[in-house]
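Have the sequence and the 3D view ready, and follow along from point to point.

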Amino acid sequence: MRIGYLLADPGIGIFGSKGASVHAQEMIRAFRALGHEVTVFCTKRGDKHDDPTSASVPSDLADLPVFVVPVSGAKTAAAREAAVARASARMAELAAEGDFDLLYERYSLFSTAGATARRRGVAPLVIEVNSPLLSEQRLHRSLHDEPTAARATRESFSRADLLSCVSAPVAEWALELLGTDTTAGDRSPRVRVTPNGVDPARFTPGPRASRNRVIIGFLGTLKPWHGTDLLLRAFARVLQTQPGSGPQPGLRIIGGGPEQEHLESLATELGIGERVEFTGPVSPAQVPQLLADLDIATAPYPAPAAQAGHYFSPLKVYEYLAAGIPVVASALGELPALLHGRPSTAERTGIPGGTRAEEEVPAAGVTVTPGDSEALARALTRLIQDPALRADLGAAGRRRVEAEHSWVQRAQSVLAAVPAREVSSR
């Protein structure tokens, strides 16, 4: 099957270093591993527009056909939004010329590329929805023309044959938005939950280095909603209670972002600067080796605002598990189901997909109350002092991602959910 992959978001380079770039690359790899041809239409190759040095092209994707429709040069939010709309129109034209069997678009504000091509009868359309972008953009960035963004979103969703949502809260948001579309007529896309995944082959779990240290790690872009400040406060508490003998904890923050300077200052203020390492931005290719050196991994999300909820499906946690590292995470969203095998939100709501419930499965990590740095410190201390427990949790996590959470399994489930009468095989 020939698949056209559409990525109109100007913040995501197809060969960039963000988690979103990793997600895009992994879905493309999975489609190719299943024997399909993929052609990409995007707005930039790397993290920066018009800067080829910001692209990190993996060797296995060096032959990937990539067509860039740039949105560079926009000086204001309004100009950028209009530029994305123009770029998406051009992508639709290119997709129409491509004779594809399936269009797969990562949902981007102001893009109707897939919907426009679908209206022309090009091919069935899957829209991958990773977050409620309308509210996320309004809260955390800037949204100049919200009515146009909402209209483009409703058009994209209603024209899709399948909405593949990263979590149950995102699926519920998409369904609610579809319910407000008075122009959809009898069009009604299927909606399913497709959580993030991991390629287990990229990660090699094994015995941690023999040393008198325990390295706690965090991987991700340094932004406020990741709770990295909570981790620093918890780590300071760990050091206060740690006995002088035994393994000495260290903390490694893997990744860069707008919060890095603030977090470095906080580490100094807490008196733990010498025990905390900030790596700065890293490429996806560097991640497996950096994780291999960790003994405990963290996802310390703060408690969400009541009206916002937690809609993430954290890539980092899947990568921790694949690397065989025990995880300490906030008990939010899909994380308890992923780490403990409890029924997922998707199962509770009846939306197809998601992490399936299991019984009597070994835990792969520890969850704590969101925003509670004391509880986080206690969980970290427990794991620091119990290497056998760390080994058991890490091994269970590795087994779980191999059995249930590979990107190839994710791609198979998406393609299986596209209405069979619509997808042709060539």
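Leaving aside neighbours within four places in sequence, Ser 164 is in contact (heavy atoms within 4.5 Å) with Val 126, Ile 127, Glu 128, Val 129, Arg 192, Thr 194 and Val 414. This is a predicted model, where local features need pLDDT of at least 70, side-chain atom pairs count only at pLDDT 80 or more, and totals for chains, interfaces and linings use all residues. Residues are numbered from 1 along each chain as its sequence is written, and side-chain values use heavy atoms, with hydrogens and water left out.

**Ser 164 and its strand**

- Ser 164 belongs to strand S6, which spans residues 162-165; strands (E, at least two residues) and helices (H or I, at least four) are DSSP runs numbered from the N terminus.
- Because its relative accessibility is 2%, Ser 164 counts as buried; buried means under 20% relative accessible area, exposed over 50%, and partly exposed in between, using a 1.4 Å probe and protein chains only.
- S6 is covered on both faces: Leu 162 and Ser 164 are buried on one side, and Leu 163 and Cys 165 are buried on the other.

**Neighbouring strands**

- Two strands pair if DSSP finds at least two bridges between them.
- S6 pairs with strand S5 (residues 125-129) in the parallel sense, over 4 bridges.
- Within S6, Leu 162 is the bridge partner of Val 126.
- Strand S7 (residues 190-193) also runs parallel to S6, joined to it by 4 bridges.
- In S7, Arg 190 stands opposite Leu 162.

**Aromatic pairs**

- Rings of Phe, Tyr and Trp (its six-membered ring) pair if their centres lie within 6.5 Å; planes under 30 degrees apart count as stacked, over 60 as edge-to-face and the rest as tilted.
- By this rule, there are 9 aromatic pairs.
- One of them is the stacked pair of Phe 41 and Phe 67, at 5.6 Å centre to centre with 20 degrees between the planes.
- That pair links distant parts of the chain, with Phe 41 in strand S2 (residues 37-42) and Phe 67 in strand S3 (residues 66-68), 26 residues apart.
- Phe 41 counts as buried at 3% relative accessibility, while Phe 67 is partly exposed at 43%.
- Tyr 301 and Phe 312 form a tilted pair, because their ring centres are 5.7 Å apart and their planes are at 40 degrees.
- Tyr 301 is buried at 3% relative accessibility, whereas Phe 312 is partly exposed at 21%.
- Ring pairs also link Tyr 5, Phe 31 and Tyr 104 into a cluster.
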